[in-house]
Amino acid sequence: MSINVSVCMATYNGAAYVKEQLESILADIDENDEVVIVDDASTDSTLTVIESIGDSRIRLLRQPANRGYVRTFEQAMLEARGQVLLLADQDDVWVEGRTKVLARAVQVNGVAASNLRLLDSGAPLRSPLSGRPWVLRKADSHRRLRNEIKILMGDMPYFGCAMGVTRDVLARVTPFPSFLTESHDLWIATVANRHGLMSHVEDFTIERRVHDSNASTPRPRGIRKVLRARWMLVRAYIEAGSR
């Protein structure tokens, strides 16, 4: 069976929201598509919830020990069999039509990133620096250096849950660098911007659920953590040049 779209999801103690997210995904993909879920050694009922859905398009893989969301997403992408890989968090809700929008967009350059809005209000996210609506513009897709500078500033709304890549690009973004301990989405975006592979999609394709357990959070971090993260992104930019 030929698979066109693989949805790649990492789960960890996501029992509260994963069913609603999976239902929104399964309603949006085709019968021959798949959802690859790698569970990062959950200790709650996440696995039971997923198995109870009973959809043959779901492939559930269990990691025996917790490795963190970066390595878990990497594993999900490596396990995917489709020509188009769409990343998905365990706790958001897909907007109807997302699959077709992103599957079409990744064909342009190889990587696509769309906008997302808040689940509770329908409003776009706001920039942590300026407070303005935090949205991607199609016209900025090829402003590679500008986009990378804004990544380093922490002011670029690239979220893995709103991204997709083609199988051809998978070999360029994986394996993830060994020093990458967070922000797999910014690594993918850095590779894409470094090599002119990025396409911005102005559609809102995700309704993002914000809660205390989000892997990425708008809460302020200490200066040491910020500097460590910025140095990691500089290293990612250097590494991306060799891919």
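Q: Leaving aside its neighbours within four places in sequence, which residues is Ser141 in contact with?
A: In this predicted model, Ser141 is in contact with Asn147, Asn193, Met198, Ser199 and His200, where contact means heavy atoms within 4.5 Å. Residues are numbered from 1 along each chain as its sequence is written, and side-chain values use heavy atoms, without hydrogens and water. Because the model is predicted, local features need pLDDT of at least 70 and side-chain atom pairs count only at pLDDT 80 or more, while totals for chains, interfaces and linings use all residues.

Q: Why does Ser141 count as buried?
A: Buried means under 20% relative accessible area, exposed over 50%, and partly exposed in between, with a 1.4 Å probe and protein chains only; Ser141 has 6% relative accessibility, and therefore counts as buried.

Q: What lies 2.8 Å from a polar atom of the side chain of Ser141?
A: The backbone nitrogen of His200 lies at 2.8 Å from such an atom, and the backbone oxygen of Lys138 also lies 2.8 Å from a polar atom of this side chain.

Q: What makes strand β2 mostly covered?
A: Six of the six residues of β2 (residues 34–39) are buried, with Glu34, Val36 and Val38 on one side and Val35, Ile37 and Asp39 on the other.

Q: How do you know that β1 and β2 pair, and which bridges join them?
A: Two strands pair if DSSP finds at least two bridges between them, and six bridges join strand β1 (residues 5–11) to β2, the two running parallel. One of the partners in β2 is Val38, which bridges to Ala10.

Definitions and conventions:
Helices (H or I, at least four residues) and strands (E, at least two) are DSSP runs, numbered from the N terminus. A polar contact is a pair of N or O atoms within 3.5 Å; within protein, one must be able to donate a hydrogen and the other to accept it, and residues adjacent in sequence count only if both atoms are side-chain atoms.
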